[in-house]
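Morning, everyone. Please look at the sequence and the structure on the screen, and I will walk you through them.

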Amino acid sequence: MTEQVNPEASVDAPHIDENHVIAERRDKLKAMRDQAKLTNSAVFPNDFKPEHKAAALHAQYDNFDKETLDPQAIPVSIAGRMVLKRVMGKASFATIQDATGRIQLFVNKENLADANSEAIYESFKHWDLGDIVGATGALFKTKTGELSVKVSTLRLLTKSLRPLPEKYHGLQDQEIKYRQRYVDLITSEDTRNTFKARSQVMAAVRGFMTNNSFLEVETPMLHPIPGGASAKPFSTHHNALDMQMFLRIAPELYLKRLIVGGFERVFEINRSFRNEGLSVRHNPEFTMMEFYAAYTDYHWLMDYTEQCIRAAVIAVHGTAVITYDGKEVDLSQPFERLTIVGAIQKYAPQYTLAQLNDATFLRAEILKHGSKPFDHAGLGALQLALFEETAESQLWQPTYIIDYPVEVSPLARASDANTEITERFELFITGREMANGFSELNDAEDQAARFHAQMKAKEAGDDEAMYYDADFIRALEYGMPPTGGCGIGLDRLVMLITDSPSIRDVILFPHMRAES
RNA sequence: GGGGAGUUAGCUCAGAUGGUAGAGCAGUGGACUUUUAAUCCAUUUGUCGCGGGUUCGAUCCCCGCACUCCCUACCA
């Protein structure tokens, strides 16, 4: 805790966004401080302990009729932020909001128990929307049937110095919603519900994993060698060790070390960091679950991932058929599985199979779509590029794409039937990549060779190519059992489940440029 | 990185074809003892994002910049 400072002194300190409304509230607070000095009482008291919550009271008493409820005079104590206020001479209504919902207070001078009721009522009239209040009283129903608290004691617990957004339209400015999430949360039930759903998703996923004998682990966020994905890392420096470190781009290589160590099923839910562009589906730090299971392969992973996602959707919605951006997404049926070429044939049928196996044709076609030309791409990588240009965005219903080429999958096990492709899949829903998994490469010598190839690519200018991780190779040399591993982008899963158009809508404090 | 849209009172938004701006909410004063975005009367508040240019005069036209949103690119 910080040291106590003289509040009188801080009043003169520079403040941002000051305006006359705030100045008036500061004046009110100053008057409160002066008054508190006289009566030796606290301006910001912390001794009021509410015993009830708005939603629970509504759940319990909304269906009571007035004749039954009023005579019981059920005593309650409740606290929250005052969000609406209607003063009518000698009687007033105020609506307060707590973590669970809203409830109406009926404040009438004659009902106030305090000997000083006249003064309390007069000061209440000058409290502001946004102030935190505590009240005790008896439950009753108004003549329109709304459950309310007939207030007998009323206290201002926290003075609010800043005006709330417009009480009907709320906060509309998207920038302020992201930058000042606290205001967004006060104002928007939609926003509150989105983050409650996010919490439910996390709990459902975690529960699904532990129920299937997975061990939750935490591996380093600071990596001496960034690995496990093709991405540009954030770089930092550790002073005591005097070494460069990177914020992790993926936990993969550490989790596989744990499989080597004998934990046969592990998962981690945590942040990864990628120093790349921001978009409606990319935040520099994002939350991913990666999980690894020994003696499984990518077929098992697809079945399992599907069940996990379905469980998360049902945990929030109670059904696996939901709506995203106005269109239905059906997660109740087995997810479709298509090869890269198969997906192109289905969603871009203008191409013949001969064309899809013609590297020269593919190269020209990809250039036509405005994608960057790449010199060393093999047939598989060219097919993948065309898939991304033509088919990917159309994969609205859950679809697994399989048979990724070895050259873009340096950590995946090659297919026994075709050494050019790997036992790998990516899951797409609403045209977005949601998950990526594969049978893990557990041949230490093959992995070492693939790392060497990545180093060559890096020397040739590919700054997203992987580094050679000698300790990871050493771990594989001890022997890693055959293993399946998968990463699920949880922010994107929450986007899907909460029908959110932007990843920023599911991250409490998304990164923004510095305020000027 | 490239393209498009936006930025007016604390909040939600109008607005003028160039003559320095309004409404509602919030605030303030008043009326009102069952309101529901309470109502009624009165009333305060603005570097019209920032910097240049054109002009007698720019919040409006032109140029540049900043920030936001959307699309696009890299990626999950």
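**A pocket, a barrel and an RNA strand**

Helix α2 gives the largest share of the lining of the second largest pocket, 6 residues. A word on the source: this is a predicted model, where local features need pLDDT of at least 70, side-chain atom pairs count only at pLDDT 80 or more, and totals for chains, interfaces and linings use all residues. Residues are numbered from 1 along each chain as its sequence is written, chains are lettered from A and ligands numbered from 1 in the order in which they are written, and side-chain values use heavy atoms, with hydrogens and water left out.

Back to that pocket. Its volume is about 860 Å³. The lining has 23 residues, and closest to the centre are M32, Q35, S123, W127 and L156. Elements giving two or more residues are α2, α5 (117-124) and β5 (147-158). By class, the lining divides into 11 nonpolar, 8 polar and 4 charged residues.

What counts as a pocket? On a 1 Å grid over the protein atoms alone, it is an open set of points where a 1.4 Å probe fits, with protein on both sides within 12 Å along at least five of seven lines; lining residues have an atom within 4 Å of a point. Helices (H or I, at least four residues) and strands (E, at least two) are DSSP runs, numbered from the N terminus.

Now the sheet. In what order do the 5 strands close into a barrel? The order is β1-β2-β3-β5-β4, with mixed pairing. Strands pair if DSSP finds at least two bridges between them. Strand β4 (residues 132-141) runs antiparallel to β5, and 10 bridges join them. In one of these, A135 of β4 has L154 of β5 as its partner.

Next, RNA strand B. It is surrounded by 55 residues, the closest being E24, E110, T144, H282 and R492. Near means a heavy atom within 4 Å. This surface has 15 nonpolar, 19 polar and 21 charged residues.

Which parts of the RNA face the protein? Of the RNA atoms within 4 Å of the protein, 59% belong to sugar or phosphate, and the rest to bases.

A polar side-chain atom of R86 is 2.5 Å from a base oxygen. A polar backbone atom of V87 lies 3.1 Å from a base nitrogen. For E146, a side-chain N or O atom sits 2.6 Å from a base nitrogen.

Conventions. Polar contact = N/O pair within 3.5 Å; in protein donor to acceptor, adjacent residues only side chain to side chain. Nonpolar A, V, L, I, M, F, W, Y, C, P; charged D, E, K, R; others polar. Points joined across faces, edges and corners; volume = space filled by probe spheres on them.
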